[in-house]
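Hi,

Here's the structure I promised to pass on. Have a look at it first, and then read my notes below.

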Amino acid sequence: MQRWWYIGDEKKMKNEVATFSAPRFRISTPRQLDDRKWTFKLHTPGQLHQNEMVAIAGDCEQLGNWKPNDVFLMERVEGSDIWAAVVDIPSQRVISYRYLICAIDPATQCVHVRQWETHLTPRTIPASTDTLESFDTFGDIGGMHKVDRGWLTNDTIFQFSFYNNPFMLTGKAKNKLIYVKLTPMNLRVSSEAQDIAAVLEESLSNDTRENGTDQPAFAFTECVSLCGDEAKLEPIEQFGRAYNPDDILIFHVTVTEPENVAYLIDLYTYSSRACHDEPPRHIGYHYILPNLLKKSEGQLELPVTCASKHRPLGMMTIEYLKITPFCPQKLNLKTSFTRYWNPKWRGLEIGHRGSGTSFKSKDGNLIRENTIASLKKAVSHGADLVEFDVQLSKDLVPVIYHDFSVYVGLKRKKQMDTNDMLELPMYELTLDQLNNLKVYHVEEGKSREPRFFDEDLEEHQPFPTLAKALDIIDPHVGFNIEIKWSMRFSDGTRETGCSMTDKNLYVDCILDVVLNHAGSRRIVFSCFDPDVCTMLRFKQNLYPVMFLTCGDTAKYPKYHDPRCNSHNTAIKSACAMELLGIVGNSEDLLKNQESIQQTIDNGLIIFCWGEENNCSNTIRHLKSLGIHAIIYDKMDVFSTKERKENIFLLEARESENEILQNLHEENKKDILDKLTTNAE
């Protein structure tokens, strides 16, 4: 292979690397007698951001055993884009390793994974080889490029979103194109300035001044416009990013000490008579102090202060999201499936709520939806994955149930009067109460007509726990876990009364169960709330996340968050947050079939949901359009499969047969070798 990335003389390069010895981060390991010195050299295309460096993680103690805080740091070869390290590694076995770009928090010395190689099979060093060095390009293995953003280890992410035309300014700033800049400010009071107000005054952002701003010791600030050509988080320009009418502008900030960081919002605008190289005019600002950001999410209505006269200039509305790290010790750099999808996985069939919606069915589905029995029935008819809804009970147990409320029966009898039922939010009942009270589905409560009399059938009971489903259902069957969260509509109302559970805690409780019970099962998360999708993406590095969207439809009300209201915007949001893909509404996709290919062209996977899918001909048509998976009711009625087995079981069987065949060939060769030896 041509080493095209060498800069300068190769002999000189080897001399530079030979004199270099990079210490492993935090832990030094004595060299063992069977160790070998291995020289790692890596080319890093593109510019690294400030405070970023390159490191190696691997499956031996010297490379940290895949733990983020024990990676081996590399050093840049002066005057080049080459990074190098010499490491004592074991010589008697194959070593697996990956490269990552990271940042070291100077205050805590914790490693923050910024980007890392996520090929399913990592790089390897043979047990015995004539060479003692490797030459690699970051992200490229065997011609395949795979690099993903990191996940939260010890840091916190804040996202500040500007949408629904959030600026209401007066005077000359009214109706001007506004440029928005967000700067994290360090609130740690130094010995020179003991007053926080003095620190804020000193650090007032003014990019036309030489000194600039006083930034915190560790922070990464990026921005994306979902109305731009490319939806990708990028560093902020000197004078911020333009907010165009009906834009969706998101600032993505990573910090380590959220309680000591404020955020300065600066607004700029260009004069219509400004020269080409003339800087914009600083028109206003506002500080967001950390005490306003204690909850996981919120809406801030903030005054804008005129930069020149220090008087009110108007108002702006900002939506914020805080993402805290989830149990870092449970996650490492060994592997990731966050954006993995096998090209063979096309036209997969997913059982909706198991074997289908049971309370809207007119022909009488005899199995209650979202139960163990319903999931098992879909599996028995060849479902590749089963889709179901998960939310938390009052005692924070993830249970499988679709609606946000339930009806509780006040009397145990089949015929009920109007006052015999009480509607309650599901999150107000503990798991014991859900299991022990006489609970009815919303449709049963509204009609006062019970549909199911299956109290004696355990697997038919509502509210099975997520843990139970993970433990009981055939492990070869994939799970599409839809996270339920009450959404706000464009008119300000909500789908239901908002749960008092904090959003970070809500997501963490579900992730904890999945990580403890999923094993090798294939899991895909999905949610209609784009912020929940973002949380799921950055809290963990194992499972893929897909953004559920209604698309362009009159059947469902519009949401407050514009990311939810069109398929095109959902694509941009999924690309910006590096999600696996989109779960689109079939009604919209069948009317605008070109959006399916548009999704695929953006590197995303696409599933579809909707009542339109409950037809074998429609399922075949959607498969022909390139849909990766179709979610529908009644796998036993509408399945288009010839063999009633899921694709992952078939793959496992093929893999097992291949292994047995290889063993057979090896045994056959051994027998022939022995016969030949005996004959001689």
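Let me start with a question: are F40 and Y97 buried or exposed? Both of them are buried. Keep in mind throughout that this is a predicted model.

Those two residues also form an aromatic pair, edge-to-face, with 5.2 Å centre to centre and 75° between the planes. F40 belongs to strand 1 (residues 35–43) and Y97 to strand 6 (residues 95–104), so their pairing ties together parts that lie 57 residues apart in sequence. In total, the count of aromatic pairs comes to 24.

Another pair worth a look is W345 with F648, again edge-to-face. Here the figures are 5.1 Å centre to centre and 90° between the planes. This one links distant parts of the chain, 303 residues apart: W345 sits in the loop between strand 23 (312–323) and strand 24, while F648 is in helix 14 (residues 647–679). W345 is buried, at a relative accessible area of 5%, and F648 is buried too, at 2%. Both are members of one aromatic cluster, together with F337, Y340, W341 and F607.

Rings also turn up next to charges. The charged end of R521 sits over the ring of F479, 4.1 Å from its centre. For R537, the charged end sits over the ring of F538, 5.1 Å from the centre.

Now for the overall picture. The protein has 680 residues, and 56% of them are buried. You'll find 14 helices and 35 strands in it. If you take the contacts with a separation of 6 or more, 71% are between residues 24 or more positions apart. The accessible surface comes to about 31,600 Å², and carbon and sulfur atoms account for 49% of that.

Finally, have a look at strand 35 (residues 629–632). In a regular strand, side chains alternate between the two faces of the sheet. Strand 35 is covered on both faces: A629 and I631 are buried on one side, I630 and Y632 on the other. What does strand 35 pair with in the parallel sense over 4 bridges? That's strand 24 (residues 348–352), where G351 has Y632 as its bridge partner. Strand 34 (residues 605–609) pairs with strand 35 as well, in the parallel sense over 2 bridges, and C608 has I630 as its bridge partner there. Between strands 34 and 35 the chain passes through helix 12 (residues 616–624), making a right-handed β-α-β crossover.

Cheers

Definitions and conventions
Residues are numbered from 1 along each chain as its sequence is written. This is a predicted model: local features need pLDDT of at least 70, side-chain atom pairs count only at pLDDT 80 or more; totals for chains, interfaces and linings use all residues. Side-chain values use heavy atoms; hydrogens and water are left out. Buried means under 20% relative accessible area, exposed over 50%, partly exposed in between (1.4 Å probe, protein chains only). Two strands pair if DSSP finds at least two bridges between them. A crossover is right-handed if, with the strands pointing away from the viewer, the path from the first strand over the helix to the second runs clockwise. Contact means heavy atoms within 4.5 Å. Accessible areas come from the Shrake-Rupley method with a 1.4 Å probe; for residues, only the protein chains shown count as cover. Rings of Phe, Tyr and Trp (its six-membered ring) pair if their centres lie within 6.5 Å; planes under 30 degrees apart count as stacked, over 60 as edge-to-face and the rest as tilted. A charge sits over a ring if NZ of Lys or CZ of Arg is within 6 Å of the ring centre and within 35 degrees of the ring normal.
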